[in-house]
Each structure stands twice: as C-alpha cells, then as structure tokens.
Amino acid sequence: MRHGKKHNHLGRTTSHRKAMLANMTCSLIEHKRINTTVAKAKALRVFAEPLITKSKADTTHNRRIVFSYLRDKFAVTELFKEISVKVADRPGGYLRIIKLGNRQGDNAPMAMVELVDYNEIYNPNGKKAKKTTRRGRSKKADSAQVEETATEEKSEE
C-alpha cells in the first residue's frame, strides 16, 4: 500500500531520481530555463522551490543545506548571490511551467520550466517596451485639413 507517498518516482531508483533532480536544478539555475517532460517539471518544482526559499536567508547553514542537495559550488553561489536577490520579495511560486506540446519521437508531453523573475515577457513588474499609439485623425483627414488651411491662408491674402 502506498499511503502518504505523494512524490512521483519517475521510474527511477531513489538515488537516480535525486541525482537527476539535482542536475536539473543546477541547469535551471545556470540557464534560467530548461525544457523537459511535464512529469519531470512538476517533480523539479517540488525539489527546487524549497531550495530557492532557503537561499533568501544567506547564512552558512542554509548554504550547506542547499549544497548537500545540489553538490555544485557554482550553482549554490549563483543561487545565493543573484537569484535570491530577485526573488526576495516573492512569497513563493518561483518557477513557471509552460506546456510545449508533445515530443516528436515518443509523443511525451514536453514543458519549459523557467524562473519567473527572469522572463521579461510575462513579468508584469519588469521593463516594458514603451508603446507609442497615435489616435485621432487619420492621414487622409490630416492632409485634407492641411490643404484647407493652406487655401484659406491664400484667400485671406
């Protein structure tokens, strides 16, 4: 009976699953987005988000805990220096999973996992491109009005 066992085993042994999730988290920290299957993406969210939460408090203890999961100095350093600064005011939900469709070879459902604060397209607080919309008169109306004012000025002279 599997009472209370809620995590997805992903068809792997415990050591293989932990190593795979640690490598995927390191890749996510390095590249800010990765493509994977939907099942792995959901398992990655459960694995990575508590580590990002721990990185908000930059203490030696938290660094050692995160390093025990990831086993990669570069990833731990980048997580505590860059990513924790961006997610400092966010109360959770650091990852976004976007479904991409099915993989060509085996028809597996694919997804893109990305850090929420590193996407400028979806980020509402990020830098927005300035839109210049000019409404009102059309070009035909403008040219007609300019011609009318020009003829009125000539007739006044």
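Arg96 is buried, with a relative accessible area of 18%, where buried means under 20% relative accessible area, exposed over 50% and partly exposed in between, using a 1.4 Å probe and protein chains only. The model is predicted, so local features need pLDDT of at least 70 and side-chain atom pairs count only at pLDDT 80 or more, while totals for chains, interfaces and linings use all residues. Residues are numbered from 1 along each chain as its sequence is written, and side-chain values use heavy atoms, with hydrogens and water left out.

Arg96 is found in strand 2, residues 95–102, within a chain whose elements run α-β-α-α-α-β-β-α from the N terminus; helices (H or I, at least four residues) and strands (E, at least two) are DSSP runs, numbered from the N terminus. Leaving aside residues up to four places away in sequence, Arg96 touches Met112, Val113, Glu114, Val116, Asn119 and Tyr122, a contact being heavy atoms within 4.5 Å.

Arg96 also belongs, with Arg33 and Glu114, to a network of salt bridges, each defined as a side-chain nitrogen of Lys or Arg within 4 Å of a carboxyl oxygen of Asp or Glu. Because Arg33 lies in strand 1 and Glu114 in strand 3 (residues 109–115), their pair ties together parts that are 81 residues apart in sequence. Arg33 is partly exposed at 39% relative accessibility, whereas Glu114 is buried at 1%.

Elsewhere, Lys32 forms a salt bridge with Glu78, with the closest N and O atoms 2.4 Å apart. This pair links the loop between helix 1 (14–31) and strand 1 (33–37) to helix 4 (residues 73–86), and both Lys32 and Glu78 are buried.
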